[in-house]
Amino acid sequence: MPEPCEENTVEFHNVARSGQVPEGVVRRLFIGEVEIAVSRSEGVVYATSNYCSHLDCLLSSGKATEDGLLCSCHGSVFDYRTGEPLCPPATRPITVFPVKEEDGRVWVGMDDELAKAAMRRRAAGSRRLSARRPSEVGGEVGREVGREVGREVGREVGREVGREVDAE
Ligand code: FES
């Protein structure tokens, strides 16, 4: 059992060679079981949890932009240093880890608190998914895809109608 005033020490882990994290790319890496997104923007390396705080999309599928870490699912952008969302729909921050780059290697700091925070996903959604049969989960995924396709089709139809109206 930890002492009440015991200091929680951050331990740095070598996660990659510097060349494995080029400008603009987001890498999916692991420290033990903790999944992290490591990116480089304007020469600086950053590390965050790999789950978007909106709907848990993997941030390693996104992009490291000069504004922040872009989630490819719905366009939220997160501040590299604070993890705060800069663009909706995400409203909650992602976990940010300390990073050192030394001797051509990238080191990411981790302690128990950071590890717990990084593993946390949308609690209600995770519970709901784990309690359901795969066929139900598939149905939910299909409905979400359908809604997104419907929105895109709606936008395209709206643009087309607008062009026709403009042409008249
Ligand atoms: S899951 Fe990332 S913006 Fe929606």
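## Confidence of the model

The term pLDDT denotes the predictor's confidence in each residue, from 0 to 100. The structure is a predicted model, in which local features need pLDDT of at least 70 and side-chain atom pairs count only at pLDDT 80 or more, while totals for chains, interfaces and linings use all residues. Residues are numbered from 1 along each chain as its sequence is written.

The chain has a mean pLDDT of 81, with 67% of its residues at 70 or more. Over residues 123-141 the pLDDT is below 50, and this stretch has four contacts in the model beyond near neighbours in sequence (a contact requires C-beta atoms, placed from the backbone, within 7 Å). Where pLDDT is low, the predicted coordinates should not be read in detail.

Two strands pair if DSSP finds at least two bridges between them. Six bridges join β2 to β3 (residues 34-41) in the antiparallel sense, and R27 has V38 in β3 as its bridge partner.

## The nonpolar core

A nonpolar core is a set of buried Ala, Val, Leu, Ile, Met, Phe, Trp, Tyr and Cys residues joined through C-beta atoms within 7 Å; buried means that 20 or more other C-beta atoms lie within 10 Å of the residue's own. The largest such core has 31 residues, of which I36, V38, L69, F97 and V108 touch the most other members. Strand β3 gives the most to this core, with four residues.

Leaving aside neighbours within four places in sequence, V108 is in contact with residues including F12, I36, V38 and F97.

How values were computed: Helices (H or I, at least four residues) and strands (E, at least two) are DSSP runs, numbered from the N terminus. Two residues are in contact if their C-beta atoms, placed from the backbone, lie within 7 Å. A residue is buried if 20 or more other C-beta atoms lie within 10 Å of its own, exposed if 12 or fewer, and partly exposed in between; C-beta atoms are placed from the backbone.
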